[in-house]
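Here are a few notes to read alongside the structure. Take them one at a time, and turn the model as you go.

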Amino acid sequence: MTAETSAQTTDRTRLLELIRELAVVHERVTLSSGVEADYYIDLRRITLHHEASALVGRVMLRLLDDAGIAFEAAGGLTMGADPVGTAVMHAAAQDGRPIDAFVVRKTQKTHGMGRQVEGPDVAGRPVVVLEDTSTTGGSALTAVEGVRRAGGDVRAVAVIVDRSTGSKERIEAEAGVPYLFAFGKDELGLA
């Protein structure tokens, strides 16, 4: 195992530990999709955490690199995707790679510049749509639509945790791009 591979394994292992410790809440909840679940994965406790945020950036960047996804900007629907996009941007900067972050609003603004996608322009650029977790794929698909309307070339959707509830199948069918995830719910010890 090379030093680089060892560091990547360590990053992934540590991020998984932090997700299990800080983000998995065992109680009955209604998700934003309207689906009820016996647990909640609150990844804002990870993406906004002083140690975990850097790990998120490195793990997600490596996930996309390993899949051969070339991109110049990363982001998604505000608010869950905002810190994920920023983490990827910072991880890329550490490697000397110029990857921008962007934020997608649920709807286009009716004032100011009237934009739905904020940040550096995505028009004509290869981009990835990020999300912290996904249940139905709805948020990611809203982001994909917004980015495409803004002229972005969406190459993939990537999430930190996949809940194994059909997001992958729906996103790949409706958006026509690969759906990648760093961790499955089984890795979190969830049924």
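Predicted model: local features only at pLDDT ≥ 70, side-chain atom pairs only at ≥ 80, totals over all residues.

1. Next, the overall build. The chain has 6 helices and 10 strands. Its radius of gyration is 16 Å, close to the 16 Å that the globule rule gives for 191 residues, so the chain is as compact as a globular protein of that length.

2. Now find helix α3, which covers residues 52-66. How far does α3 reach from its first C-alpha to its last? The answer is 21 Å for its 15 residues, close to the 21 Å expected at 1.5 Å a residue. After α3 comes Gly68, and the phi of Gly68 is positive, near 75°.

3. Stay with α3 and look at which residues are covered. The buried ones are Ala52, Leu55, Val56, Gly57, Val59, Met60, Leu61, Leu63 and Leu64. While you trace them, keep a simple rule in mind: an α-helix has 3.6 residues a turn, so residues three or four places apart point the same way. Pick out Ala52, Leu55, Val56, Val59 and Met60 among the buried residues and see how they sit on the helix.

4. Move on to the strands β9 (residues 153-162) and β10 (residues 179-184). These two strands run parallel, and 5 bridges join them. At one place to check by eye, Asp162 stands opposite Gly184 in β10. Helix α6, residues 167-175, belongs in this picture as well: together with β9 and β10, α6 makes a right-handed β-α-β unit.

5. Is β10 mostly covered or mostly uncovered? Mostly covered: 5 of its 6 residues are buried. Tyr179 is buried, with a relative accessible area of 2%, whereas Phe181 is partly exposed at 31%. Phe181 does not count as buried because that label needs a relative accessible area under 20%.

6. Finally, the aromatic rings. How many aromatic pairs does a search of the whole structure find? It finds 1. Tyr179 and Phe181 form this pair, with 6.3 Å centre to centre and 50° between the planes, and the arrangement is tilted.

How values were computed:
Residues numbered from 1 in each chain as written. Heavy atoms only, no water. Helix = DSSP H or I, 4+ residues; strand = E, 2+ residues; numbered from the N terminus. Expected span 1.5 Å × (residues − 1). Buried < 20%, exposed > 50% of the residue type's maximum accessible area, 1.4 Å probe, protein only. Pairing = 2+ DSSP bridges. Right-handed = clockwise from strand over helix to strand, strands pointing away. Phe/Tyr/Trp six-rings, centres within 6.5 Å; stacked < 30°, edge-to-face > 60°. Rg over C-alpha atoms; globule rule 2.2 N^0.38 Å.
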